[in-house]
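These are my notebook entries on what I looked up in this structure. I began with the whole chain and then turned to single places in it.

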Amino acid sequence: MIRLIGYFFGIGTTLALVVAAGVAIYLGQVNKELPDYEVLAKYEPPVTTRIHASDGALMGEFARERRLYLPIQAVPDRVKAAFLSAEDKNFYNHPGIDVTGLGRAVLTNFQNLGSGRRQVGASTITQQVAKNFLLSSDQTYERKIKEMILAFRIEQAYSKDRILELYLNEIFFGLGAYGIAGAALTYYDKSVNELTVAEAAYLASLPKGPSNYHPFRYTDRAIERRNWVIDQMVVNGYVSREEGEKAKASSLGVTPRRVGTYVFAGEYFTEEVRRELISRYGQDALYEGGLSVRTTLDPKLQAMARKAMQSGLEKYDRLRGYRGPVKSIDVSSDWGTALGEVKGLDDVPEWRLAVVLDSSKAGLDIGLQPKREISGALSKDRERSTVSAEDMSFAMRHVVDGKRVKANSPADVLKAGDVVYVEKNEGSDSYALRQVPDVSGGLVAMDPHTGRVLAMVGGFSFAQSEFNRATQAMRQPGSAFKPFVYAAALDNGYTPASVIMDGPITIQTGSTSWTPKNYDGKAAGPSTLRAGIERSRNLMTVRLANDMGMKTVAEYAERFGVYDKMLPVLAMSLGSGETTVMRMVSAYAVMANGGRQIKPSLIDRIQDRYGKTVFKHDERGCEGCVAPDWANQPEPELVDNSEQVLDPMTAYQITSMMEGVVLRGTATTLLELGRPMAGKTGTTNDEKDAWFVGYTPNLVVGLYLGFDKPQTLGKGTTGGGLAAPIFKEFMKVALEGTPKVDFVVPEGMTLISIDRKTGMQAAQGAPGTIMEAFKPGTGPADSYWVIGMGEDGSNGYGEALSPQASKAISEGGGGLY
């Protein structure tokens with residue numbers, strides 16, 4: 001018997017050794033295949049890039065995984081307690097594997113064999129870190145063994161707090177949120193330290209299966225799981241029983257944070273910044289790099305600019321009649337459901353979609369698009385209202401087959417089932433009919449001293465069209481380009497009092513000829529440069545450009561940044577080349593700031609995920625700014641090292657001449673503002689675009705209106721009549737509360753009284769005179785001299801004047817261009 005026992009013992013020992021050897025060999029093989037856990041020390045997860053306005057307001061977020069990395073020291077104890085109770089209550093005591101929990105899981109799985117139930121796990125937080133960071137999610141025993149080995153090693157290499165920090169910042173919570181900070185914002189629109197016990201418990205319940213505990217689809221299941229976590233927090237002594245019961249009695253209270261642009265009317269600006277960041281750093285840096293971007297946007301000015309632009313577009317559009325409904329739907333059953341599927345303009349919150357339920361001579365009975373609940377579901381409430389005939393009066397001229405037709409009744413325009421836009425009347429429950437304008441345009445407001453873009457409007461609605469007409473639309477500036485021709489002249493020997501012939505001219509180039517005309521087809525005869533820009537004279541501008549040479553004009557246009565490369569042909573002097581609103585505003589800023597080149601910028605500063613500044617727009621130097629202490633030294637001054645591209649005296653002269661555009665010329669509507677202001681109107685051939693670019697000493701604003709597919713805006717449309725009023729509406733509110741500042745005359749310039757017509761010196765205060773600024777060594781002409789008119793009575797180009805031309809010169813009036 002003893003021998004038999006010894007025999008079996010020997011066999012058992014041999015088998016045990018063989019098994020042990022096999023396990024050792026297997027573990028050795030597994031060990032070789034294990035990933036390097038030291039990569040955790042260099043962990044840099046994808047983090048959300050956030051874009052802020054100049055006042056710090058959040059404008060937008062960009063991320064593939066919405067995550068904000070949070071150090072463990074910033075995580076409140078109640079949040080840690082919730083996750084430890086939900087996932088690993090012995091976390092701070094085990095070596096990476098919870099043996100008790102593992103044994104309990106093995107027993108449970110053994111009991112559930114054959115039942116079809118899913119096997120339960122016993123992964124510790126450390127094991128989950130190993131799996132999430134270093135392994136796949138395969139449900140195999142080999143992966144589990146690797147996970148355990150790595151958990152032991154991770155525990156030896158890193159502190160418990162570091163492991164918990166990695167876990168809380170990596171895990172997925174559903175709704176696109178990663179990490180506890182991202183989850184708190186996504187589910188509750190709160191920072192982590194604002195979370196209540198109940199909210200922390202719900203977030204802690206999600207990592208096990210976010211879709212299983214969806215707050216709206218599976219609300220009961222989510223509450224049950226949350227309450228279980230709260231019970232565990234009570235059992236583990238993290239919260240009192242009273243606190244636990246109070247937390248369990250509360251609702252989930254999930255209020256998902258909206259995504260997109262957060263600053264009102266900032267969509268075009270945000271999208272432009274997004275494109276710039278991709279161009280500068282690439283897509284991965286934008287969507288994973290966790291950049292913090294401080295932009296130049298002034299939210300108040302942005303709202304003002306958007307309102308002014310939209311009002312101007314709507315005003316023009318209403319005068320041209322109503323083009324019909326957005327679409328038509330069936331209203332015989334539940335109109336609310338059908339209307340809820342129609343996409344509206346999210347960025348025009350003043351407007352709502354509505355469906356016509358009945359139309360009559362008195363107006364419309366409408367049903368308003370149901371609002372969305374927090375869950376995203378369509379509300380079951382059905383709101384009804386009315387649109388009176390008076391509140392849709394512009395639609396009585398409606399467009400049928402491209403022609404405007406006069407209607408006798410609202411019933412002739414809209415019928416039941418037609419979907420329309422409406423806006424609530426102030427102080428009333430009724431609504432007014434609206435339509436999205438066909439015409440569009442772009443606007444930019446800029447600080448001329450720094451190039452910081454303070455506001456940008458890229459169109460009527462970003463939701464309607466993402467094409468940014470302020471930066472992407474290439475348009476002809478028309479007469480808004482003329483100041484650059486005149487600035488080049490003033491920089492090259494001409495004065496504001498130089499006299500040029502405003503008379504007929506034909507330019508012969510080879511076998512072709514070009515005969516430009518003033519806007520009104522008339523000519524005013526000899527006129528000063530000032531009169532030429534104030535009244536926007538085409539013939540004078542062409543003569544001036546021809547006399548000076550188009551190569552010089554092209555050089556200045558490129559120096560100002562209007563064009564990268566300008567074709568030096570005379571037609572370009574009238575603004576026939578294509579450029580953008582952004583470029584035009586930047587170029588005008590040079591004249592506004594005394595001739596210094598500026599770089600337009602939407603971004604003030606960019607910081608990486610660690611807070612290090614990687615980009616700064618302001619390139620001015622300041623040596624004294626880094627002094628550690630004040631030791632009675634002078635106050636440091638910023639040194640402006642920007643290039644001087646225009647003589648400061650020339651900049652003042654052209655500014656003074658454009659002040660005349662407002663005082664006496666094509667933009668007198670701006671006189672109501674009562675501010676020192678310079679600017680220039682612009683209208684292109686066939687009235688396809690209407691421009692105005694203008695400035696005060698501290699703000700430059702430019703805009704254009706036109707159809708995306710260029711077509712006439714209507715005979716008689718001008719920049720002064722269409723664009724300048726929008727500029728005025730914006731400036732009226734933008735300048736409110738700011739001091740009135742005059743344009744400063746550079747030191748060394750001489751002010752001389754000049755006869756407006758002859759350009760010669762006159763007695764100060766005499767009728768028809770103006771004070772003109774001259775550079776040192778220059779002044780009014782001693783004798784009357786007209787550029788572009790020869791002594792023999794010809795026009796200066798070898799062509800005798802016809803009797804009709806002579807009559808036009810002597811009797812012609814001023815044009816408006």
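This is a predicted model: local features need pLDDT of at least 70, side-chain atom pairs count only at pLDDT 80 or more; totals for chains, interfaces and linings use all residues.

Next I looked up the make-up of the protein, and I found 22 helices and 27 strands. Of its 817 residues, 51% are buried, while the protein as a whole exposes about 38700 Å², with carbon and sulfur atoms supplying 52% of that area.

I then turned to helix H2, which covers residues 77-87 and is mostly covered, since nine of its eleven residues are buried. Among the buried residues of H2 I listed Val-79, Phe-83 and Leu-84, and also Lys-80 and Glu-87.

Is Thr-48 buried or exposed? I found Thr-48 in the loop between helix H1 (2-33) and strand S1 (49-52). Its relative accessible area is 5%, and because buried means under 20%, Thr-48 counts as buried. Leaving aside neighbours within four places in sequence, I noted that Thr-48 is in contact with residues including Phe-62, Arg-66 and Leu-68, as well as Gly-290 and Leu-291.

My last entry concerns Met-771, which I located in strand S26 (residues 769-774). Its relative accessibility is 35%, which lies between the cut-offs of 20% for buried and 50% for exposed, so Met-771 counts as partly exposed. Together with Val-745 and Leu-751, Met-771 makes a nonpolar surface patch of about 230 Å².

Technical notes
Residues are numbered from 1 along each chain as its sequence is written. Side-chain values use heavy atoms; hydrogens and water are left out. Patches are made of residues with over 30% relative accessible area and no salt bridge: like charges are joined within 9 Å, nonpolar side chains (Val, Leu, Ile, Met, Phe, Trp, Tyr) within 5 Å. Accessible areas come from the Shrake-Rupley method with a 1.4 Å probe; for residues, only the protein chains shown count as cover. A salt bridge is a side-chain nitrogen of Lys or Arg within 4 Å of a carboxyl oxygen of Asp or Glu. Helices (H or I, at least four residues) and strands (E, at least two) are DSSP runs, numbered from the N terminus. Buried means under 20% relative accessible area, exposed over 50%, partly exposed in between (1.4 Å probe, protein chains only). Contact means heavy atoms within 4.5 Å.
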